[in-house]
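Good morning, and thank you for coming.

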Amino acid sequence: MNSALIVIDVQESFRQRPNWAAVSNPDIVGQVNRLVEATRAKGDLVVWVMHAEPDTGTVFDPALGHVRLIEGLVPAEREPIITKTSHNAFTTTNLQQLLTQRGINHLLISGIRTEQCCETTARVASDLGYQVTFVTDATATNPIPHRDAPADRTLDEILADPRTLATDEIIARTEYALAGRFATIATVEELTGS
């Protein structure tokens, strides 16, 4: 099996948002680095994916300088860095071509956000015929406000609302949705032995 680790959106943009204080996995950089080291040791490919929303003035607008890897993550020479503008890592990039050229048929998915770009990428990858391993503890997410909650609420108000979906609920839901359908669920320890 030819594998590639896909590191999705582990970028400074997320740390600029107030909800970073409630992130599910404050050590995402450490967890991703453990996967990266193990992947490199096997001679497998690491692909770095960034999310950009040009001309929006948001933290995902490249002009503001936050569309870069979180400090502590360092791509090796020749490891591809691709930029997407959609939720999944395939639709607006050449990721599939890059993987096909290298004969990759198995993907390990890590990154930010668990239920959004990571889960969406896992589902699309499965539909494209890849075997997918979703490394949940190498992903991160934030609490999700209820759909009817006002958009201008503070983090404290979001966290105090009983309708807010907590990170442990989000992660569990993602694992339930993916397991046996789109991906195998694994931990960093299971994959690295450490």
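Let me begin with a definition: a residue is called buried when its relative accessible area is under 20%, exposed when it is over 50%, and partly exposed in between, using a 1.4 Å probe and protein chains only. The model before you is predicted, so local features need pLDDT of at least 70 and side-chain atom pairs count only at pLDDT 80 or more, whereas totals for chains, interfaces and linings use all residues. Residues are numbered from 1 along each chain as its sequence is written, and side-chain values use heavy atoms, with hydrogens and water left out.

R78 has a phi near 75°, a positive value in a residue other than glycine. With a relative accessibility of 75%, R78 counts as exposed. R78 lies in the loop between β2 and β3; helices (H or I, at least four residues) and strands (E, at least two) are DSSP runs, numbered from the N terminus. D55 is likewise found in the loop between β2 (45–51) and β3 (81–84). Its phi is positive, about 60°, although D55 is not a glycine. D55 is exposed, at 77% relative accessibility.

A further backbone feature is the peptide bond from I112 to R113, which is cis, with omega near -5°. R113 is placed in the loop between β4 (106–112) and α4.

Now to the charged side chains. How many salt bridges does the structure hold? There are 8, where a salt bridge is a side-chain nitrogen of Lys or Arg within 4 Å of a carboxyl oxygen of Asp or Glu.

The salt bridge between R173 and E119 has an N to O distance of 2.6 Å. This pair links distant parts of the chain, since R173 is in helix α6 (residues 167–178) and E119 in helix α4, 54 residues apart.

Is E119 buried or exposed? E119 is buried, at 4% relative accessibility. R123 is partly exposed at 28%, and R173 is partly exposed at 38%.

Finally, D161 and R153 form a salt bridge, at 2.7 Å from N to O. D161 is buried, with 9% relative accessibility.
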